[in-house]
Amino acid sequence: AADDRAAVVTVEGGGSFVQGAGDASLLQAALRGGLGLPYECSSGGCGSCRIQVVEGEVESLWPEAPGLSPRDRRKGLQLACQTRACGNATIKVTLDGHCVPKVPPRVMHLTLVSARDLTRDIREFRFAAPGPAEFIAGQYAILRLPDGLRRCYSMSNLPNAEGYWEFQIKRVPGGKASNGLFDMAPGAVIGLDGPYGLAHLVAESARPVVCIAGGSGLAPMVSIARAVGADPARQLDFFYGGRTAADVCGEAHLAGLPGFGDTLRYHPVVSSLDDPLSAGWTGLSGFVHEVVGRHQGDRLREAEIYFAGPPPMAEALQRLLMLDLKVPFGQIHYDRFF
Ligand code: FES
């Protein structure tokens, strides 16, 4: 491995970029270099970043990554987000102008300022960086923990000149990264690489907005709601799906926005009514995609729709929106996340 040496990577027919010591992967280096290498998750799960290495030696950071099918492996494909070049290399991939970062991703250090619990397993973390926090509502960053683990988390606040980066992180039982974060005390320092993600706010659209969050998908939807909700003329329906009544959250983050209760409506949904933690719940119940379909119906075709949450929720929503309701593809915004 040539972690400290810069490697020049050429994209067949599409320019070149430099992979430096700070670049976790070929994908990060390409995006930092302003090339539109297709991607979604940056974490080895979605397969959007498949490349063919034509020349040069590369190392795989996660050889078993689920983003590669057995067929991809037979063809010798690699995931750009899980591969580093060991020296100069040439790769083959079809670049996509939509993937060129609108805000150039940077590597920096963050210091934990404070943390507070939102539910029994979701905690909000506030970090400070030396420069302004530049990103678009709905984007994510790669956090690098002291033991070297990297995980992607979406920001829940808005870009700001003071340099604050906020995340709402769900504690995963046995999950090394989330538990490492939950164990951190104020003053702890971690690395950040970002921003990334294409499912960000489309600021120029005047359509009504529907945000749908489940579980750990809260943060990017809160960020988008904060950006949209600052304009009381925009219609915004915000759905949050929790397993039990104790898992419902998000209202406190929206309540201070202009238009709350009027143009901005919050709809919590609980899926496990039988659970003792849901005792006394009289609000909406069912799977959040079903509730959204019943509640919004044909109005969804006129809306910009943002969603983030566990893969089964995201898949059910894609089926509802694309197949059942035929919502135009350009109005549906999500990054596959794992
Ligand atoms: Fe690389 Fe998702 S597998 S971006």
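Q: Which strand holds Ser-16?
A: This is a predicted model, in which local features need pLDDT of at least 70 and side-chain atom pairs count only at pLDDT 80 or more, while totals for chains, interfaces and linings use all residues. Residues are numbered from 1 along each chain as its sequence is written, and side-chain values use heavy atoms, with hydrogens and water left out. Helices (H or I, at least four residues) and strands (E, at least two) are DSSP runs, numbered from the N terminus. Ser-16 sits within residues 16-19, which form strand β2.

Q: Is Ser-16 buried, exposed or partly exposed?
A: Buried means under 20% relative accessible area, exposed over 50%, and partly exposed in between (1.4 Å probe, protein chains only). With a relative accessible area of 41%, Ser-16 is therefore partly exposed.

Q: How far is the C-alpha atom of Ser-16 from that of Gly-34?
A: Leaving aside neighbours within four places in sequence, Ser-16 is in contact (heavy atoms within 4.5 Å) with residues including Val-8, Val-9 and Leu-35. Gly-34 is 18 residues apart from Ser-16 along the chain, and their C-alpha atoms are separated by 9.7 Å.

Q: The backbone nitrogen of which residue lies 2.9 Å from a polar atom of the Ser-178 side chain?
A: Ser-178 is in helix α3 (residues 176-182), and at 3% relative accessibility it counts as buried. A polar contact is a pair of N or O atoms within 3.5 Å; within protein, one must be able to donate a hydrogen and the other to accept it, and residues adjacent in sequence count only if both atoms are side-chain atoms. At 2.9 Å from the polar side-chain atom of Ser-178 lies the backbone nitrogen of Val-172.

Q: Which residue does a cis peptide bond join to Gly-194?
A: Most residues other than glycine have a negative phi, and most peptide bonds are trans. Here omega is about 10 degrees, in a cis bond from Gly-194 to its partner.

Q: What is the phi of Ser-42?
A: Ser-42 is found in the loop between α1 and β3 (50-55). At 8% relative accessibility, Ser-42 counts as buried. Its phi is positive in a residue other than glycine, near 60 degrees.

Q: Is Lys-326 buried or exposed?
A: Lys-326 is in the loop between α7 (311-324) and β19 (332-333). Its phi is positive, about 55 degrees, although it is not a glycine. With a relative accessible area of 58%, Lys-326 is exposed.
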